[in-house]
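Hello,

Here is the structure I promised to pass on to you. Have a look at it first, and then read my notes below.

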Amino acid sequence: MRIGLLGTGNVARALAHGWRAAGHDVLLGSRHPKERTDLGPLPVATLDETAAHAEVLVNATPGGVSVELLHSIGAPALAGIPLIDVGVGLSDDFTRLTHPNSSLGELIQEAFPLTPVVKTLCTMDSTTMTAPGDLTEPGTVFLSGDDAEAKRITGLLLTDLGWPASSQLDIGSITTARGQEHFAFLFMGIAGGVGSHTFNIKVVTRPAAR
Ligand SMILES: NC(=O)c1ccc[n+]([C@@H]2O[C@H](COP(=O)([O-])OP(=O)(O)OC[C@H]3O[C@@H](n4cnc5c(N)ncnc54)[C@H](OP(=O)(O)O)[C@@H]3O)[C@@H](O)[C@H]2O)c1
């Protein structure tokens, strides 16, 4: 698939390398593509060009600016393109949520109703996103969104990153994105306890329940 990733940071690079290795056509979208000379083999273009290229878009920009950045591309250019949102809205010092009684995923979906949003992968660090098989077991990756087809495509792309279907848990509508995003604080606590950011959590149930 043609995957456009908005952002050129840790997450965008990790995901782009992962999907490129799986055979996808990736393109990173930057505010300053000419200045991004440190991306190795990953191609980079403007945000508008990246949206125009994409069959699927990924938001990997700071959560506090993502909606504004998507507005700069414009709703018509984004209409009909599934948007995988990995962003989390946190203050620069990581102590406050920028959308405390909502979520970035919900706000994007509200602002761009013709763009089906799927929230996923934001409950782990960028290393785990693309190498779940390096952990003792993958654990759980969550999907939130209102559009079944966008979720199906997201599930296939997660599989291509190494997430078995049994690790992918659909937790419901885009309103459940706030649970994923607000997990950020527990993530930081667990990271302190484990002594590493490279871990994941796993949902376990009674054997008969699943
Ligand atoms: N890092 C993780 O492990 C992790 C885990 C879970 C979720 N997340 C979430 O994923 C998103 C991306 O995280 P990241 O670690 O990749 O962030 P990052 O390294 O800071 O990269 C963010 C990218 O967004 C672009 N950008 C667009 N507007 C920006 C602005 N106003 N200020 C700064 N950058 C801007 C920049 O690319 P250009 O300069 O080229 O435009 C930048 O490279 C964030 O929402 C984060 O909370 C990250």
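To begin with a term: a residue counts as near a molecule if one of its heavy atoms lies within 4 Å of that molecule. By that rule 22 residues surround the ligand, and the closest are Thr 8, Val 11, Ser 30, Arg 31 and Thr 61. This is a predicted model, where local features need pLDDT of at least 70 and side-chain atom pairs count only at pLDDT 80 or more, while totals for chains, interfaces and linings use all residues. Residues are numbered from 1 along each chain as its sequence is written, and side-chain values use heavy atoms, leaving out hydrogens and water.

The shell around the ligand holds 10 nonpolar, nine polar and three charged residues (Ala, Val, Leu, Ile, Met, Phe, Trp, Tyr, Cys and Pro count as nonpolar, Asp, Glu, Lys and Arg as charged, and the others, Gly among them, as polar). Helix H1 (10-21) and helix H6 (126-130) each give at least two residues to this shell; helices are DSSP runs of H or I with at least four residues, and strands are runs of E with at least two, numbered from the N terminus.

Now for the polar contacts, which are pairs of N or O atoms within 3.5 Å. A polar side-chain atom of Arg 31 lies 2.8 Å from a ligand oxygen. For Arg 36, a side-chain N or O atom is 3.1 Å from an oxygen of the ligand, and for Asn 10 a backbone N or O atom lies 3.1 Å from a ligand oxygen.

Overall, the protein chain has nine helices and eight strands.

Enjoy exploring!

Technical notes. Polar contact = N/O pair within 3.5 Å; in protein donor to acceptor, adjacent residues only side chain to side chain.
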